Amino acid sequence: QVQLVESGGGSVQAGGSLRLSCAASGFPFFSNNAMGWFRQAPGKKREGIASIFLSSGTTYYADSVKGRFTISQDNAENTVYLQMNSLRPEDTAMYYCAARFDARGAWNPLAESAYAYWGQGTQVTVSS
């Protein structure tokens, strides 16, 4: 049974940093799997912001976070991180991690529909 648990959210001023963690259980990191980070602000659709292919370490980012956010993995801890720097008020949202078995083939790493497993989310609030 796959379980994803996010942590690390909180309130920060604009320009600050946060690191989110997503601890995975029942989901092999030494395999052709992928994990992603998504966010959803009130009244908006869920947005894919970062993805990592666990076997190769290949990463993908949405334009809205490129250069500011970094996704990484720790295979020993079965954890994926999202380092968020230079935070802006528009980054305020609930942040979710997601997991997908079998990252092979052609698919959109930032598409919500590509992931079958989701965490409960962690809130990030950025004040100006």
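Here are legends for a handful of close-up views of this predicted model.

**View 1. The disulfide between C22 and C97.** A disulfide is a covalent bond between the sulfur atoms of two cysteines. The bond joins C22 to C97, with an S to S distance of 2.0 Å. Its two ends come from distant parts of the chain: C22 sits in strand 3 (residues 18-25) and C97 in strand 9 (residues 93-100), 75 residues apart. Are the two cysteines buried or exposed? C22 has 0% relative accessibility, so it counts as buried. C97 comes in at 1%, so C97 counts as buried too.

View 2. Now look at where strand 1 meets strand 3: they pair in the antiparallel sense over five bridges. Which residue of strand 3 stands opposite L4? That's A24.

**View 3. Strand 5 and its partners.** Strand 5 (residues 47-53) has seven residues, and six of them are buried, so the strand is largely enclosed by the rest of the structure. Strand 4 (residues 34-40) pairs with strand 5 in the antiparallel sense over six bridges. In that pairing, W37 stands opposite A50 of strand 5. Strand 6 (residues 59-61) pairs with strand 5 as well, again antiparallel, over three bridges. There, I52 has T59 in strand 6 as its bridge partner.

**View 4. Two hairpins, each with a glycine to spot.** The hairpin of strand 4 and strand 5 has six residues between the strands, and G43 takes a positive phi near 80° in it. In the hairpin of strand 5 and strand 6, five residues lie between the strands, and here G57 takes a positive phi near 80°.

**View 5. The largest pocket.** Rolling a probe the size of a water molecule over the atoms shows where empty space is left. The largest pocket holds about 150 Å³ of space. Which residues line the largest pocket? They are R39, Q40, A41, K44, K45, E47, E90, T92 and A93. Sorted by class, that lining has five charged, two polar and two nonpolar residues.

Note on methods
Residues are numbered from 1 along each chain as its sequence is written. This is a predicted model: local features need pLDDT of at least 70, side-chain atom pairs count only at pLDDT 80 or more; totals for chains, interfaces and linings use all residues. Side-chain values use heavy atoms; hydrogens and water are left out. A disulfide is a pair of cysteine sulfur atoms within 2.5 Å. Helices (H or I, at least four residues) and strands (E, at least two) are DSSP runs, numbered from the N terminus. Buried means under 20% relative accessible area, exposed over 50%, partly exposed in between (1.4 Å probe, protein chains only). Two strands pair if DSSP finds at least two bridges between them. On a 1 Å grid over the protein atoms alone, a cavity is a set of points where a 1.4 Å probe fits but cannot get out, and a pocket is an open set with protein on both sides within 12 Å along at least five of seven lines; lining residues have an atom within 4 Å of a point. Grid points are joined across faces, edges and corners, and a volume is the space filled by probe spheres set on the points. Ala, Val, Leu, Ile, Met, Phe, Trp, Tyr, Cys and Pro count as nonpolar, Asp, Glu, Lys and Arg as charged, and the others, Gly among them, as polar.
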